[in-house]
Amino acid sequence: MYRILQSYLINRYFRTKYREAYSSLRQILAGVPQGSVLGPLLYLIYTADLPTLANSTTATFADDTAILTVNEDPTMHRSFSMGAHRLQMHLNKIQSWLKTWRMKGNEAKSVQITFTLNKMTCPPVKLNNEHLPQANEVKYLGIHLDRRLT
């Protein structure tokens with residue numbers, strides 16, 4: 001099994017084509033072949049130890065990840081702050097994990113949304129020291145979710 005996986009992952013090369021010109025061959029040093037049968041399974045194994053936090057939920061499908069925190073404190077302002085604080089703690093753990101495994105979260109493709117019937121919004125959170133934009137709607141796995149979950 002080891003030799004099969006090794007042959008699948010090493011000694012792979014790529015080159016690019018622009019119009020009729022080709023680049024020289026370059027070795028691929030990381031990753032798995034896109035569209036491969038083993039790719040999703042190997043990604044799941046690689047990310048199996050993605051950090052979790054007691055008061056949050058991590059939802060993953062392939063390389064799409066959503067982190068959800070909930071706080072039902074009756075004093076609204078405190079509730080929103082606590083939810084954002086928990087989300088930031090989880091993002092910090094994930095950012096540290098990504099650094100350890102030489103991966104990078106893409107803050108440009110990430111958004112923060114507050115699901116509520118209230119008009120208030122959670123305080124902003126950061127990934128890679130960049131504020132995540134606040135959204136009124138988010139698309140996850142082809143489903144559009146708005147702030148009021150309608």
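## Strands, contacts and exposed side chains in a predicted model

W101 has a relative accessible area of 37% and is therefore partly exposed, where buried means under 20% relative accessible area, exposed over 50%, and partly exposed in between, with a 1.4 Å probe and protein chains only. This is a predicted model, in which local features need pLDDT of at least 70 and side-chain atom pairs count only at pLDDT 80 or more, while totals for chains, interfaces and linings use all residues. Residues are numbered from 1 along each chain as its sequence is written, and side-chain values use heavy atoms, with hydrogens and water left out.

Because Y46 lies in helix α2 (residues 39-46) and W101 in the loop between α3 and β7 (126-127), the pair ties together parts that are 55 residues apart in sequence. Helices (H or I, at least four residues) and strands (E, at least two) are DSSP runs, numbered from the N terminus.

| Residue | Relative accessibility | Class |
|---|---|---|
| Y46 | 37% | partly exposed |
| L68 | 39% | partly exposed |
| H90 | 0% | buried |
| R26 | 51% | exposed |

H90 lies in helix α3 (residues 76-100). Leaving aside residues up to four places away in sequence, H90 touches P51, T52, L53, S56, T58 and I67, where contact means heavy atoms within 4.5 Å. R26, by contrast, is placed in strand β4 (residues 26-27), and, with residues up to four places away in sequence again not counted, R26 touches R12, Y13 and F14. The C-alpha atoms of R26 and R3 are separated by 23 Å, and these residues are 23 residues apart along the chain.

L68 is found in strand β6 (residues 64-69). Strand β5 (residues 56-61) runs antiparallel to β6 and is joined to it by six bridges, and two strands are said to pair if DSSP finds at least two bridges between them. Within this pairing, T57 stands opposite L68 in β6, and in the hairpin of β5 and β6, with two residues between the strands, A62 takes a positive phi near 55°.

Another hairpin is formed by β9 and β10, with two residues between them, and L141 in its turn has a positive phi of about 55°. Strand β9 (residues 137-140) and strand β10 (residues 143-146) pair in the antiparallel sense over four bridges. Across this pairing, V138 stands opposite L145 in β10, while E137 stands opposite D146 in β10.
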